[in-house]
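Please look over the sequence and the model before reading on. The dialogue below then takes up a few local features.

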Amino acid sequence: MAEISASSFPSSSSSALALRSPRNATLRCPNVACPGTTSLFQQLSLRRSQLVGNAVGTGQVPVSRSCKNQAIRAVLSGDEQTVIAADSNGAGLRGKLKKVVLAYSGGLDTSIVVPWLKENYGCEVVCFTADVGQGIKELEGLEQKAKASGASQLVVKDLTEEFVKDYIFPCVRAGAIYERKYLLGTSMARPVIAKAMVDVAAEVGADAVAHGCTGKGNDQVRFELTFFSLNPELKVVAPWREWEIVGREDAIEYAKKHNIPVPVTKKSIYSRDRNLWHLSHEGDILEDPSNEPKKDMYMMSVDPEDAPDQPEYIEIGIESGLPVALNGKALSPATLLSELNTIGGKHGIGRIDMVENRLVGMKSRGVYETPGGTILFAAVQELESLTLDRESIQVKDSLALKYAEMVYAGRWFDPLRESMDAFMEKITEKTTGSVTLKLYKGSVSVTGRRSPNSLYRQDISSFEGSEIYNQADAAGFIKLYGLPMRVRAMLEKGI
């Protein structure tokens, strides 16, 4: 994972300030700046003694034998600040954590998590953003947003090549498609992001990780199963399962109250997730499965009706079940996918509208754009028709269903998925060659395929005579193959 930026800055105060223990030393971590934080206790020393007695008397602050000095929640009159409850160890309203690494996008859900974590856990918050190909616009201004939200630092890592090479391409090789349609765009991205969070937590000395996933979705499971698998000692905080905020409207009001800049207003309609593999759309009119998506909703692909009137032919090179080249030119995994996204999007390729079964039990409706991925799936599966025999294809396809289910459920680091991946790697080791595809107004058609390991023999398959295949041999085969059916019919007829 190549780190493209690690920005640090002092924590900013909002209308609610979290009291923390003094930290005079600067924590030094590889590749990441980790500044210390100045305590606010000295600023309150004169008022603390006056307020502690009253607060304890009303039961607002728990009494601890080990903590003789306690700061309490004090609402000051006029324009003075509101101080969030904390004990002398810097604990928040819900407990004490030292440092939390937060999966941060700069959007509404994660922006309001930063001050909430500081208020409720008295912790330093390190924001982490993964570049998985979501586009430069989504990365612009994140440092300023994180600072305004109260984070101590922002770490951004470029995971695009790792994402495509180690997560996307194994799924392509496996033929993993969830519920007949979904090409697992978000499902594959979550484990690579969560893995990087575990790495950053180790680098900065964090004792916890947090995410902004809601309690209704799949992503909470995907993040946390990865955390459990890679570092079971890390504490996990999921604010959407703890706080009183119940929807996006409440979240927007919370952000406004805390002066947090977010790129969302009450007029925004779609919830989107974008990475190099796909773009998903949920919410608003899509929540009614009978509604047709609006034409202007799509961002990665043109309407097939508006696509070029002339088809485009491309050739995908494949080695051992993995795409490696476009039109004879070898490309890195991320570059190959990026170029296919551009080509496929121009022809309206890869639009999927589906109602899926979420892991948490409910159905949801989503619209997905996966132009490059749709092309790659078509190419790899077509080449397998030359290189795999009937039994191999059947077993591989049956395992692909389970493989897709496990990826969808966030079980990327499960030994069972890893074992199935080893099978996929072995079974496709001879799947090398190229496939020619025709792209035209939303459709992908195979026009040619070739492989040095092809099991297709023209001299056998031809209607002309063959020394290897004697048509007369078919008679005996049919009698033996159909013997169970013949015996059953004889029984029923009393023969």
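Guide: In strand 20, H281 has V367 as its bridge partner. This is a predicted model, in which local features need pLDDT of at least 70, side-chain atom pairs count only at pLDDT 80 or more, and totals for chains, interfaces and linings use all residues. Residues are numbered from 1 along each chain as its sequence is written, and side-chain values use heavy atoms, with hydrogens and water left out.

Visitor: In which sense do strand 15 and strand 20 pair?

Guide: Strands are DSSP runs of E with at least two residues, numbered from the N terminus. Two of them pair if DSSP finds at least two bridges between them. For strand 15 (residues 279-282) and strand 20 (residues 363-369) there are 3 bridges, and the sense is antiparallel.

Visitor: Which strands stand at the edges of the sheet?

Guide: The open sheet has 4 strands, in the order 14-15-20-19, with antiparallel pairing. An edge strand has a single partner strand, so one side of it is left without a neighbour in the sheet; this holds for strand 14 (271-274) and strand 19 (351-357).

Visitor: How does N327 count in terms of accessibility?

Guide: N327 lies in the loop between strand 17 (322-326) and strand 18 (329-330). Its phi is positive, about 55°, although N327 is not a glycine. Buried means under 20% relative accessible area, exposed over 50%, and partly exposed in between (1.4 Å probe, protein chains only). At 45% relative accessibility, N327 counts as partly exposed.
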